Structure formats: C-alpha cells, structure tokens
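Biologist: I would like to learn how to read a structure of this kind, one feature after another. Could we look at it together?

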Amino acid sequence: MIMEKIGTLEDEALKRKERLKELKTKQWSTDKKNKDAPTVPRPVFRNYTPNDEKLKETILEPAKPGNVEEEIKDQLEAANTRVIIEDLDITSLAPRKPDWDLKRDAAKKLERLEKRTQRAIAELIRERLKSEQHDFASKVAIGAETAAALDDDD
C-alpha cells in the first residue's frame with residue numbers, strides 16, 4: 001500500500017514537470033514572436049562619429065544649450081528681494097556661555113541662601129533697633145530726671 005502511494009506521488013511529480021516545460025516553451029515562443037527588434041543592442045553615438053555607414057545612422061544630434069539667461073534673471077531677482085523673518089528670537093540663535101549649566105544648577109541653592117541672608121539682615125536690624133530703643137529709653141529717663149531736678153531747684 002505504501003509502495004502504491006510512492007508510485008502515484010512520483011507519477012504526479014513527473015506530470016507536473018511536463019506541464020511546467022510546456023508552459024515554458026509556450027511562453028518562450030510567444031516572446032520570440034513579439035520581438036521584432038534584433039537581439040543585439042545597437043550602439044548610440046553621442047560624441048563619436050563612426051566611419052561605417054551603417055553606424056552613422058545611430059549618431060545623436062548634438063545637444064543644444066538651453067536658455068540660461070531667464071533662469072539666472074529669476075534667481076538674481078529672488079536674491080535681491082529681502083525676506084523679513086517675523087518673530088525671530090535672537091536668544092535662540094546666539095550660542096550659550098560655557099558655564100550656563102553651572103549657573104542653572106547653582107540657582108536653586110543661591111535662592112535658599114538669598115532667603116537666609118535676608119532673614120539674617122532683618123534680624124540684625126531688629127536687634128539694633130531694640131538696643132537703640134533701650135538706650136533711647138534710658139537717655140529719655142535720664143533726661144527726664146535731670147529736667148525734674150532742674151525744676152525742683154527752681
């Protein structure tokens with residue numbers, strides 16, 4: 001039973017190969033019929049003039065230069081007109097200083113120190129005012145006593 005399956009598989013493979021060969025030959029024959037041009041490519045001469053009369057037929061005409069003056073005029077006119085750039089941020093164009101990242105990192109710490117410095121200055125001013133008030137009060141008291149003593153003497 002196994003041998004019969006192998007035999008049928010081989011037969012089917014042979015049939016498939018024959019069909020592929022037939023398709024290839026049909027395709028090859030239709031391709032040959034459609035090709036009217038010769039199989040060898042003919043050279044095209046742009047800068048060379050051949051001596052053979054058959055090859056002289058394939059010479060291309062020399063290229064004519066285009067009208068460049070109009071294109072140049074358009075480019076010159078475009079260069080003469082000034083383009084105004086709106087909303088240009090000059091700071092984004094200028095290069096940053098080499099220490100910008102250090103300043104950025106130290107800014108937070110400096111803010112804290114600035115707050116502490118302001119508190120310390122305010123505290124020193126308060127202490128000075130208190131001491132001056134105490135001195136001022138004692139001076140006023142001494143002045144009042146002397147004034148009272150002078151009044152008593154009169």
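Biologist: Let me begin with a single side chain: is L76 buried or exposed?

Modeller: The general idea is a scale of relative accessible area, on which buried means under 20%, exposed means over 50%, and partly exposed lies in between (1.4 Å probe, protein chains only). In this structure L76 has a relative accessible area of 51%, and therefore L76 is exposed. Before we go on, please keep in mind that this is a predicted model, in which local features need pLDDT of at least 70 and side-chain atom pairs count only at pLDDT 80 or more, while totals for chains, interfaces and linings use all residues. Residues are numbered from 1 along each chain as its sequence is written, and side-chain values use heavy atoms, with hydrogens and water left out.

Biologist: What is the mean pLDDT of the protein chain, and where is confidence lowest and highest?

Modeller: pLDDT is the predictor's confidence in each residue, from 0 to 100. Where pLDDT is low, the predicted coordinates should not be read in detail. Here the mean over the protein chain is 79, and 79% of the residues reach 70 or more. Confidence is lowest in helix α3 (residues 90-93), with a mean of 68, and highest in α2, with a mean of 84.

Biologist: How many helices and strands does the protein chain have?

Modeller: Helices (H or I, at least four residues) and strands (E, at least two) are taken as DSSP runs and numbered from the N terminus. The protein chain has four helices and zero strands, and the order from the N terminus on is α-α-α-α.

Biologist: Which residues form surface patches, whether nonpolar, negative or positive?

Modeller: Patches are made of residues with over 30% relative accessible area and no salt bridge, where like charges are joined within 9 Å and nonpolar side chains (Val, Leu, Ile, Met, Phe, Trp, Tyr) within 5 Å. Lys and Arg count as positive and Asp and Glu as negative, while His and the chain ends are not counted; the place of a charge is NZ of Lys, CZ of Arg, CG of Asp or CD of Glu. The negative patch gathers E69, E70, E71, D74 and E77; E70 is found in helix α2 (residues 68-80) and is exposed at 51% relative accessibility. The positive patch is formed by K108, K109, R112, K115, R116 and R119, and K108, placed in helix α4 (residues 100-153), is exposed at 60%.

Biologist: How many salt bridges does a search of the whole structure find?

Modeller: Side chains of opposite charge can pair when their charged atoms come close. A salt bridge is a side-chain nitrogen of Lys or Arg within 4 Å of a carboxyl oxygen of Asp or Glu, and the search finds three. E53 and K56 meet at 3.8 Å, N to O; E53 is exposed at 56%, whereas K56 is partly exposed at 39%. K103 pairs with D99, with the closest N and O atoms 4.0 Å apart, and D105 pairs with R104 at 3.3 Å.

Terms used
Areas by Shrake-Rupley, 256 points an atom, 1.4 Å probe, with all protein chains shown as cover.
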